[in-house]
Amino acid sequence: MPSPPLQQSSFFLASLKADYLNKPFLQRCQDLVKVIDDYPAMELHLLFTWLVESVFGSLDGSIVGWNLRFVQARTNEYNTIMEFLDPNGPMMKLVYKLHAEEYKYEFPIVYLPGPVRASIQTGVLPDCPIFHNKLQFSPSGLLSLSLSLNPFEYYMFYFAASLMVQRSYLPEQHFSAKDSAYFVLVDSYLKYFLPTEGNVPPSLVPIVRGTVSPPPPSCRSPTVPFIGCGVHHTSLLKRHISHQPSMNTDPAAQELWRSETILQVFIEMWLHHYSLEMYQKMQCLQVKEPICPTEEHVLVVRLLVKHLHSFSSSQRPELITSSPSTHSHSSPLEEFKRVVIPRFVQQKLYVFLQHCFGHWPLDASFRAVLETWLSYLQPWRYTPEKQSPYMDNQDRTVPDKWAAFVQENLLMYTKLFQGFLNRTVRTDLVNPKNALMAFRVAKVFAQPNLSEMIQKGEQLFLEPEHVLHHRQHRFLTPSLGGSFLSSRQPFITDSVFKVKSHVYSLEGQDCQYKQMFGAEVRNTVLRLSQLIAQAKQTAKSISDHSAEAAANQSFLSWFGFESSDLNTSYVGNDIDYMGLDSIKKTDEYLDRTLDYVCQIFKLNSAQLSQLMVSFVSTKDDGGLKQLPDCIQEPNGLLLTDLGRLQMINGLRKFDINYQGDPELQPIRSYESAVLVRLLYRLSSLINERFAGEMRSLCSRRDFSSQLARYYLTTSSVAETSKRSPLTRRSLERRPQPRISLRYLASYRTLLSIFMLYVIASFFGFGPVSFIFSGLLACFCHGVVMTMFADKQKTH
C-alpha cells in the first residue's frame with residue numbers, strides 16, 4: 001500500500017527539480033510558494049532537504065545555491081529572496097508545517113565546528129542542550145555520526161553553517177557584507193525570535209501534537225558511552241514547563257523554544273572556533289582546527305552581540321533590581337533575557353576574540369574584530385535610555401549599575417586590552433587606519449567611571465582566599481545584627497565570588513592574572529606613548545617631504561617636466577600613498593590617543609612629554625635619521641627590542657650598502673651589459689698580472705704612492721658603511737689596490753665622452769690627440785686632488 005504514494009512523491013520531486021532548473025528565478029520562487037501552500041506535509045517532507053540545499057548551497061561547497069552572502073540590495077533577486085526567507089515567509093511556513101508532523105532530518109557532524117566535532121567523536125558531549133539526545137549512529141562508527149534535528153533546527157543549522165563555507169563570486173562585483181541578503185536575514189531573524197518589545201510571535205502553523213520540547217537533556221545516552229564535560233544547563237523553557245500541566249502552559253513558554261534554538265545554533269556555529277591551545281586549556285582534548293575567521297564572519301558576530309545587548313537590556317526594570325526569588329516567578333522570556341549574556345555568550349565570545357587577537361593579520365582589517373570587542377564592552381550603548389551619540393566623551397559617564405557587568409566580564413576588559421596593546425606596539429601607527437584603531441580603544445576605556453570599575457573588579461579578584469572565608473563567616477554570624485558591616489557584606493562577598501568564578505572558568509584555576517593597572521602593563525603603555533611620539537615625527541617628515549615634492553612638481557610643470565619621485569615619497573608599511581589630509585588625521589588621532597591614555601592610567605602629562613621627547617627621532621650631522629637602537633656585539637651590531645619596533649614601524653632603518661666586490665654588482669639599467677663583462681675581464685687580467693707591483697707602489701710613503709692610491713684603492717669598509725650593520729669579518733676585511741674600468745660601461749660616461757669628442761673635433765683634435773688630452777687631464781686632476789684634497793676619494 002505505501003508504494004504508490006512513495007512513487008508519486010518521488011515523481012513530484014523529480015518534476016519539480018527539472019522545472020526548477022529551467023525557469024527564471026522569480027518564477028521558481030512563485031512555484032515554490034504555490035507548492036508549499038497546496039501540498040501536504042507528507043510530500044513536502046521529501047522536498048525539504050533539497051530545497052534547503054538549493055537555497056543555502058551545499059556544506060561541502062559543491063552547490064552554490066542562492067549565494068545569499070553576495071546578493072546585494074541593488075540586484076533584481078534581492079526582494080524576492082527576502083520575501084521568501086522572511087520569518088513570516090513561505091520557507092518558514094514550510095518549516096512549521098513539517099514540524100507539526102514531527103519529521104526529523106539528519107545533519108552530519110563533520111560540518112560542525114572542529115572543537116564540537118572532535119568532542120563528540122571522542123565521547124564527550126558538548127555543554128550545550130542543542131546537541132543532547134540528538135545523536136544518530138551508523139554501523140561505520142563515530143566518524144559518521146549525525147544529529148537528528150527537527151525541521152526548525154535543521155533549517156537554522158544550515159543557515160548558520162553556510163556562513164563558514166567558502167563561496168565564489170565575480171571579482172569585478174563590489175561586495176559589502178553589511179548590505180548582503182545574508183546579513184539582513186540574520187538581523188531579521190534576531191529581531192523576530194529575540195524581540196526587544198513584546199513576546200515572540202506565534203508560529204504560522206499551530207503545533208497540534210503535544211509539547212514541542214524534547215525530553216530533558218542528559219549527559220549520558222543509555223546506548224552511548226558518552227561522558228559529561230561539566231554542568232549542563234537545562235533549557236529555560238523545559239525548566240518552566242516541566243512542572244506544569246500542558247493545558248496551563250504559558251503560550252510564551254511554548255514559543256520560546258525557537259528563540260533558544262536559534263541562539264544556541266548561532267553561537268555554536270559562529271563562536272565555537274578557536275585554537276589548539278585554548279581548546280586544550282578548556283576541554284583537555286587534543287584538537288587542532290586551523291581556522292581564521294573572515295571579516296564577514298566577524299561582522300555577523302558583531303551584529304549578534306549588539307542585538308543580544310539590546311535584547312538583554314529590554315527586560316522590565318522591576319526585574320533588574322528585584323531579588324533572586326522574584327526571578328523564579330517572572331515570565332520565561334524575561335528570565336531568558338536575564339541570563340542570555342552570561343550563560344550563552346560570554347565564554348565562547350571571549351575565547352573567539354582572544355583567538356582573533358592572537359592570529360589576525362596586523363593590518364586594517366582588524367577593525368572588524370576591534371568593533372566587535374568594543375560593542376560587547378559597552379552594553380549601556382544599547383539600552384532604551386542610551387545617551388546621545390553626539391554627546392561629548394567627557395559627559396558620557398558609565399552608569400553605576402553597569403559595575404556588576406564590568407566585574408563579571410573582567411577578562412573581556414583587562415586581558416583583551418593587554419592583547420590589543422601587544423598588537424598596537426607592533427603595527428605602523430603612521431597609517432591613519434591603525435592610528436584610528438588606537439584612538440577608538442583609548443576613547444572607550446577613557447569613559448568616566450569605567451577605569452574605576454575595572455580597578456574595583458581587579459581588587460575583588462585579588463581578595464585573598466582566607467579573607468573571603470573570614471568575611472563569609474562574619475556575614476553568617478547572627479550577632480552582627482543590623483550593623484553597617486552586615487548591610488554591605490552580602491554584596492561584597494557575592495561580588496568577589498562572581499569575579500573569581502568568572503576568571504577561573506575562563507582561564508583555569510592555575511591562571512596567572514596580570515593586572516591591567518599593574519607595573520608591566522604600565523611599562524607597555526609608556527612604550528606605546530614613545531612609539532606614538534615617533535610616529536608623529538615620522539608623519540611630520542613625510543608631510544614636509546610631500547610639500548617639498550609638490551613644490552618641485554609645480555615648478556617643473558612650467559617647463560613640461562614632472563618629478564619621478566612624487567609617488568614614491570613613502571613606500572611600504574601598508575600605505576600606497578599618504579596625502580596631507582591623511583597625515584593630518586593621523587596626527588589628530590595620535591594626539592587624542594595620548595590624552596585618553598593619560599586619563600585611563602593617571603599619567604602625568606609633563607613627565608610623559610619629557611619621556612617622549614627623549615625618544616623622538618633626531619637628525620644627525622648628515623641630515624639622516626639615527627640608526628635603530630642596537631648594541632655592539634663581538635660579531636657586529638645586534639638589534640634590541642626597541643630597535644626592532646623602530647624598524648617595524650618604519651621610524652628608523654639602516655642605510656644598507658653593498659659590501660661585496662664592487663665589480664660583481666648586478667648590471668644596472670644605465671650600463672651596457674656587453675661592456676661591463678668585457679671591461680671586467682680586462683680589469684681582472686691587469687689586476688692579476690700587476691697585483692704585486694700595485695701593492696708595493698701603494699705601500700710606500702712618497703708622492704707617487706699617494707697618487708697611485710688615489711687611482712687604485714677604494715675607501716675602507718668602515719668609511720663607506722658607517723650606517724650599515726657589519727659583522728666583525730666585514731670590518732676586518734681590507735681592500736686590495738686594483739684598477740676598475742667598469743665606469744666606462746656607463747651610458748652616461750660614454751655619452752659624455754662622445755659629446756666632448758664632438759666639441760674637440762671642431763677645434764681640430766683627432767682621435768689620438770683627443771685620447772692623449774683626456775689622459776693628461778685625468779692625470780692633472782689626480783695630481784691636484786692628491787696635493788690639495790683633505791681626504792682621499794674613490795675615482
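1. Asn 67 is buried, with a relative accessible area of 16%; the cut-off for that label is under 20%. Asn 67 sits in the loop that runs between H3 and helix H4 (78-85). Although Asn 67 is not a glycine, its phi is positive, at about 55 degrees. Most residues other than glycine have a negative phi. All of this refers to a predicted model.

2. A second residue with a positive phi is Glu 102, where the angle is near 60 degrees and the residue is again other than glycine. Glu 102 belongs to the loop between helix H5 (90-100) and strand E1 (105-108). Is Glu 102 buried or partly exposed? With a relative accessible area of 48%, Glu 102 is partly exposed, whereas Asn 67 is buried.

3. For the overall picture, the protein has 33 helices and five strands. Of its 795 residues, 45% count as buried. Among contacts between residues at least 6 apart in sequence, 78% join residues at least 24 apart.

4. In the largest nonpolar core there are 167 residues, and those touching the most other members are Leu 85, Tyr 155, Trp 270 and Trp 373. The element that gives the most to this core is helix H15 (residues 332-359), with 13 residues. In soluble globular proteins, nonpolar side chains tend to be buried together.

5. Tyr 155 deserves a separate look. Which residues does Tyr 155 touch, not counting those up to four places away in sequence? They are Phe 48, Val 52, Phe 56, Leu 85, Met 91, Met 92, Val 95 and Tyr 189. One of these, Leu 85, is also listed with Tyr 155 among the core residues that touch the most other members.

6. The axes of helix H3 (residues 41-56) and helix H7 (residues 151-161) come within 10 Å and cross at roughly 20 degrees. Because angles under 35 degrees count as roughly parallel, H3 is roughly parallel to H7. The crossing of the two helices H3 and H7 is right-handed. From H3, the contact is made by Phe 48, Thr 49, Val 52, Glu 53 and Phe 56; from H7, by Pro 151, Tyr 154, Tyr 155, Tyr 158 and Phe 159. By class, the residues of this contact between H3 and H7 are eight nonpolar, one polar and one charged.

7. The contact of H18 with H20 divides into five nonpolar, two polar and one charged residues.

8. The last point concerns His 502, in helix H22 (residues 484-507). Its relative accessibility is 5%, and His 502 counts as buried. Which residues is His 502 in contact with, leaving aside its neighbours within four places in sequence? The contacts are with Gln 346, Gln 407, Glu 408, Asn 409, Leu 410 and Leu 411.

How values were computed:
Residues are numbered from 1 along each chain as its sequence is written. This is a predicted model: local features need pLDDT of at least 70, side-chain atom pairs count only at pLDDT 80 or more; totals for chains, interfaces and linings use all residues. Side-chain values use heavy atoms; hydrogens and water are left out. Axes are lines fitted to C-alpha atoms, for helices over the stretch in contact, and angles run from 0 to 180 degrees between N-to-C directions. Helices (H or I, at least four residues) and strands (E, at least two) are DSSP runs, numbered from the N terminus. Angles under 35 degrees count as roughly parallel, over 145 as roughly antiparallel, 65 to 115 as roughly perpendicular and the rest as oblique. A crossing is left-handed if the near helix is turned anticlockwise from the far one by less than a right angle, and right-handed if clockwise. Contact means heavy atoms within 4.5 Å. Ala, Val, Leu, Ile, Met, Phe, Trp, Tyr, Cys and Pro count as nonpolar, Asp, Glu, Lys and Arg as charged, and the others, Gly among them, as polar. A nonpolar core is a set of buried Ala, Val, Leu, Ile, Met, Phe, Trp, Tyr and Cys residues joined through side-chain atoms within 4.5 Å. Buried means under 20% relative accessible area, exposed over 50%, partly exposed in between (1.4 Å probe, protein chains only).
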